[in-house]
Amino acid sequence: MSLNREQIVSILIKIVGADQVITEEEVLKESSVDRFRRFEELHGVYTQPLPAAVVYVRNTNDVSAVLKLANEQGINIVPRTGHTATEGGLETIVENSVVLDGSAMNEIIKIDPYNMQATCQCGTPLQTLEDRLREIGFTTGHSPQSKPLAQLGGLVATRSIGQFSTLYGGIEDMVVGLEAVFSNGEITRIKNVPRRAAGPDIRHVIIGNEGALCYITEVTVKIFKFMPENNVLLGYTLEKMKTGFEILREVMAEGYKPSVARLYDPEDGAYHFSHFANNKCVLIFMAEGPKAIAAATAAAIEVIVAKHPECVKVDTRYIETWFDHLNWDATDIAKERSEIVETKNIGNTTEISANWDKINQIYETCIKRIRNEIPDMTLVGGHSSHSYINGTNLYFVHYYNVVDCKPEEEITKYHWPLKKIIVEETIKAGGSMCHHHGVGKHRTPWIKDEYGSSYYILETLKKAFDPEGIMNQGTIYPRR
Amino acid sequence: MNVLVCFKVVPDLDQLSGSDWVVDGCSRVETRFVKRMINPYDESALELALKMADQARGSGVTLGLNSLTIADSGANLTLKSLRALGYQEAVRIEADRDLEFAPEDVAALIAAYVLSTDPLELIMMGRQSGVGDNAKTPLLIAELLRWPCITQVIAVEKDAAGTYLVTAMADEGVVTRIIEPPCVLAIGNAPSSTLRVPTLRAIKEQSAIAVKTYAAAELISTSPTLPVNPGAELLTLEVVNRNRGGLIIEGADATEKAQILYQSYLKGWLAEL
């Protein structure tokens, strides 16, 4: 027999104390959604079942005790730290879910400059860690747009990536070791070693699990020397995305590692660079690291770009100003929220990846289809911001006016059909439907298509680590 | 046309970092490298006019809207976007020199345009701009045209009688007046006035239609009065240090910190009041 809300709350209070269990309706409403449903939320409409409680855990033992209870009683758990998710991963789609919030576990446990690694609790804001590291001349190398708000646990759980990824890699390249708690309350620690060949790399069961397999409580990441004085920024305008992709490919294929390698289409470029883009594509690089490497990388990129006469170099100060305003903070979020309410215009993004030989085709097909098929669009464009030896990502940006529909219909009328076009075209071309925001709850309909025959492995992980299905139902895996 | 809304495209000064606020020897802060935006007060004016047109349409009245800027051709995209939003006309005056600190000349150009076009009922514009922040232009236009001017306007509606209901902030609070046109409205901190966004389809429909452009020299010859002696002349710029002091109150808990805040700071200030 399942517990009712009052019983769940009562037991939670016994486990972690009354101060840690929040049941105020406003908190529960805000905790039933993430940014995917912000149009509804901004209009005071909450369509998801409200969780029974939000529990602010203080330590790993709290997490273990709550998960053990949930596992025994069949209570759905939604793990959370910074609450910046964009794909519905934090939606409480099951009645009487418990949101397990780790943001109070925010201690930087150890910074170890000799072994070049830092260990933090899951609720440590990335900005806090980064600020501490920079005071002593180091950096995480991780700089997602959400850096001022996102916390380490969530960043690892969603396989986050940052704007300097072409040099430093995604979070999966940075994580050294972890502590995580599984659905039965089992606390596991993966030690911090440079590399090992002792079987499969089990870190990857945890990294990117989106709270569907376990709860991340502690993270150890690599750190790097911070040498911004050596940074070299380069910017160009050009006519065609195809040329931009070719340049990105050549830079990667020739073995250069700029930290930033970004290509904007004219629409997305106009949004960010209207003062110089002049309706053209924009290509941006930043070389960093030791002075000689940064200089050599920048020089080599200039040689590669020079082969394409359509590229026109822009004054570096344009790029420097852009670079100084990369991230979103609470002020930006507040401004965005008021603008959405006033204008009924809302923007979202969908990020995918594909090999070099397919990326331009995906870009052109998706842009064309969205323009033709989705009503009331005010902007559709995109940029590539993370490149690899065998391909790159595309970050589609789509804004629309919400017209003639209720707030709760915005997703079905606009957002979901948009995402469907991008996801289906990407999978059809052999790419991946999720580059760095995670699957959440709104790309699960395509998860089997994404994985093909390898879905067996993904499915078996769920059966093994969450046999009762209490971990963030409907995220990554379709709801049972 | 019933209403002319004047606007200015300006650099987004929030994007300037502290080190950018360095005067480069020619009486100018370098803003070329930051994004452009519609001056926020002008943006409010543009949106209030659209709201007024929506409201009038609901009452069966068609309100003709015209938009005007003094800028180079880089502003054409904004003007076309305004047409896509419902402005029937979009006009650009091409200046032959920098008018950033010349509100008298800006006012003269706008007044000359107003006198050269069909009769208007209202001119709306932001009360000031972050760049060349003089807060004089709407008042000067009113003076040149010999129209009344209402400042700090936060809302405007057209009523069935052909008059306008203008709501403005005043020292004593919020005042709503019924006015007979013509009038210049200087828009202040109007709530809920973020400019709406045109659809791609609407922009496409406007993209091939040219923006009506005037040369400043052509208009200025018809200006009612040319200022002979501007009230102010920019001689130098200097950085004003506006840093605020700050103190972190140390205490065992929130109660203790609140006590310290009250006893050490607020109590004295309140007593003075």
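In what follows, buried means under 20% relative accessible area, exposed means over 50%, and partly exposed means in between, with a 1.4 Å probe and protein chains only. This is a predicted model, in which local features need pLDDT of at least 70 and side-chain atom pairs count only at pLDDT 80 or more, while totals for chains, interfaces and linings use all residues. Side-chain values use heavy atoms, with hydrogens and water left out, residues are numbered from 1 along each chain as its sequence is written, and chains are lettered from A in the order in which they are written.

Let me turn to salt bridges, meaning a side-chain nitrogen of Lys or Arg within 4 Å of a carboxyl oxygen of Asp or Glu. Searching the whole structure gives 41 of them over all chains.

In chain A, A:Glu179 and A:Arg189 form one such bridge, at 2.7 Å from N to O. Because A:Glu179 sits in strand β8 (residues 175-182) and A:Arg189 in strand β9 (residues 187-190), the pair ties together parts that are 10 residues apart in sequence; strands here are DSSP runs (E, at least two residues) and helices likewise (H or I, at least four), numbered from the N terminus. A:Glu179 is buried at 8% relative accessible area, whereas A:Arg189 is exposed at 55%.

Moving to chain B, we find B:Arg196 in a salt bridge with B:Asp54, their closest N and O atoms 2.9 Å apart. B:Arg196 lies in the loop between β10 (183-187) and α5 (200-207), and B:Asp54 in helix α1 (residues 40-58), 142 residues apart. Both belong to one network, joined by salt bridges that share partners, which also includes B:Glu47, B:Lys51 and B:Arg57.
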